[in-house]
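Have a look at it first.

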Amino acid sequence: MTKLRLAIVGAGPAGIYAADLLIKAERAFDVSIDLFDHLPAPYGLVRYGVAPDHPRIKGIIGALREVLDRGDIRFFGNVRYGVDLTLDDLKKHYNAVIFATGAVKDAELDIPGIDLDGSYGAAEFVSWFDGHPDVPRTWPLNAREVAVLGNGNVALDVARILSKHADDLLVTEIPSNVYEGLKASPVTDVHVFGRRGPAQVKFTPLELRELGEVNDVDIVVYDEDFDLDPASEAAIASNKQVMVINRVMNQWRTRPAGTASRRLHLHFYARPVEVLGADGAVTGLRYERTAPDAAGGVVGTGEFRELPIQALYRAVGYFGSPLDDVPFDSLHGVIPNREGQVLDDHDAVIPGVYATGWIKRGPVGLIGHTKSDAMETLSHVVRDQANWWSPASPDEASVVELLESRGVIYTTVDGWHYLDQYELGLGEAAGRTRIKVVERDEMVAVSNQQPVA
Ligand SMILES: Cc1cc2nc3c(=O)[nH]c(=O)nc-3n(C[C@H](O)[C@H](O)[C@H](O)COP(=O)(O)OP(=O)(O)OC[C@H]3O[C@@H](n4cnc5c(N)ncnc54)[C@H](O)[C@@H]3O)c2cc1C
């Protein structure tokens, strides 16, 4: 059997699961896999999205790392598709490619004032507090009152990190600059806004309950939001998760008012209509009260309210980015595909090009979902072999020579081990478990056992 060469672009969970499943399908064919990522470290949003105070989820890195440690998949970090490698390069060195590039940008929210200073996308803030190398090191945390728009888990992550006292995050891997920034924050009130009601929330019970356990932060819910219509009652009764969520919020409603120095407010039936500003900066949020429409949606009531805030975060979803020479659906932010087979403008399958993970199906779902996703894509990969590319230089050394000839300083699986040990060492020296390295140059230098500048 000839050895087939496969490239996977994106070393988040989707890319790593796809590589793992392919190697395990080796009975179907003999394949050697190279995994590329533009970040010097693997694991995608598990490292740069999952909140630092969720160590159990961050622990999935352990399972992903076991896949890379087996030694049958080569990892090339710090290699950007579209800059360091093109589709033509991949065609020259591989039989096929799977794109698993995820989604890192914020979805837009088109309301007046959204571009004022002090209005941010949740994804940018998440990247900052998770120590992503490509975002600025400082974050303007000077607001006392903040609004977070959205009713999913990312909104709760953002609200929790904003309201938590920085010292309570020292048990996590947060980088030093993030600790310093949060420590100086004067925030007192974080307001989370959902357009719909408590029966239509998108967050999960675990994430909600956790809010109630944050040190020196009181949760505030409002009685007016719990006057539910029969459709909402039915929605709660028919979904165990939503039932638990509403039980928790009802317990909070009946608790005596707290005395914490910070408060996290949950507002429902509140549709943001305008970010108010003065001198180019956020000063308030104008929103319309909504009411259930008896069909699970909401309608405006015509009652408008204003809340003074000095910063606003929109957590209304992530959005994928286009890749050079690969079709892109700019409405949904995904690569157009049928079960992972990438489609051209005429909906015809493009031979040798596949997609998996968030860039395939959009930015929804948990890490575990990327595994089932990979399985679906791979069912086609395995069947399609006859239509793959015939590379001119399929040998494993040739792609390394190409990267070196272009001066790309790439990282490897061994490099990740060095970086991992280095971060643990930084943590140990400060009496913490781990301190993340943020600077790209430092990550690359440590991974390649070069002196840190
Ligand atoms: C804030 C946040 C919190 C979350 N918390 C949880 C949680 O607690 N539990 C849970 O189960 N799920 C959580 N998720 C969801 C989870 O992160 C995703 O389901 C999962 O990461 C999607 O995997 P992916 O591999 O498709 O994308 P990603 O994880 O985004 O990986 C994509 C990879 O592709 C790389 N890449 C992109 N473009 C290029 C390019 N041009 N060249 C080379 N490489 C490229 C990126 O660097 C990245 O490493 C969270 C998501 C977010 C945004």
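**Where the domains meet**

In this predicted model, 16 residues of domain 1 are in contact with 22 residues of domain 2, contact meaning heavy atoms within 4.5 Å. Domain 1 covers 3-104 + 320-410 and domain 2 covers 106-318, with bounds that come from an automatic or database domain assignment. Their C-alpha centres lie 33 Å apart.

A few ground rules: residues are numbered from 1 along each chain as its sequence is written, and side-chain values use heavy atoms, leaving out hydrogens and water. As the model is predicted, local features need pLDDT of at least 70 and side-chain atom pairs count only at pLDDT 80 or more, while totals for chains, interfaces and linings use all residues.

Back to the interface. About 1400 Å² is buried between domain 1 and domain 2, and carbon and sulfur atoms give 58% of that; buried area is the accessible area (1.4 Å probe) that two parts lose on being put together, summed over both. On the domain 1 side, Tyr48, Pro52 and Asp53 lose the most area to domain 2, together 41% of what that side buries.

There are four salt bridges between the domains (a side-chain nitrogen of Lys or Arg within 4 Å of a carboxyl oxygen of Asp or Glu). Elsewhere in the list of side-chain pairs, Lys58 and Asp130 meet in a salt bridge at 3.3 Å, N to O.

Now for the rings. Which residues do ring pairs link into a cluster? They are Tyr120, Phe125, Trp128, Phe129, Trp139 and Tyr313. Rings of Phe, Tyr and Trp (its six-membered ring) pair if their centres lie within 6.5 Å; planes under 30 degrees apart count as stacked, over 60 as edge-to-face and the rest as tilted.

Follow Tyr313, which sits in strand S14 (residues 311-314); helices (H or I, at least four residues) and strands (E, at least two) are DSSP runs, numbered from the N terminus. Tyr313 is buried, at 1% relative accessible area (buried is under 20%, exposed over 50%, partly exposed in between, with a 1.4 Å probe and protein chains only).

The rings of Tyr120 and Tyr313 have centres 5.2 Å apart and planes at 40 degrees, so this pair is tilted. Because Tyr120 lies in strand S6 (residues 119-121) and Tyr313 in strand S14, the pair ties together parts 193 residues apart in sequence. With Trp139, the Tyr313 ring has a centre distance of 6.5 Å and planes at 25 degrees, so that pair is stacked.
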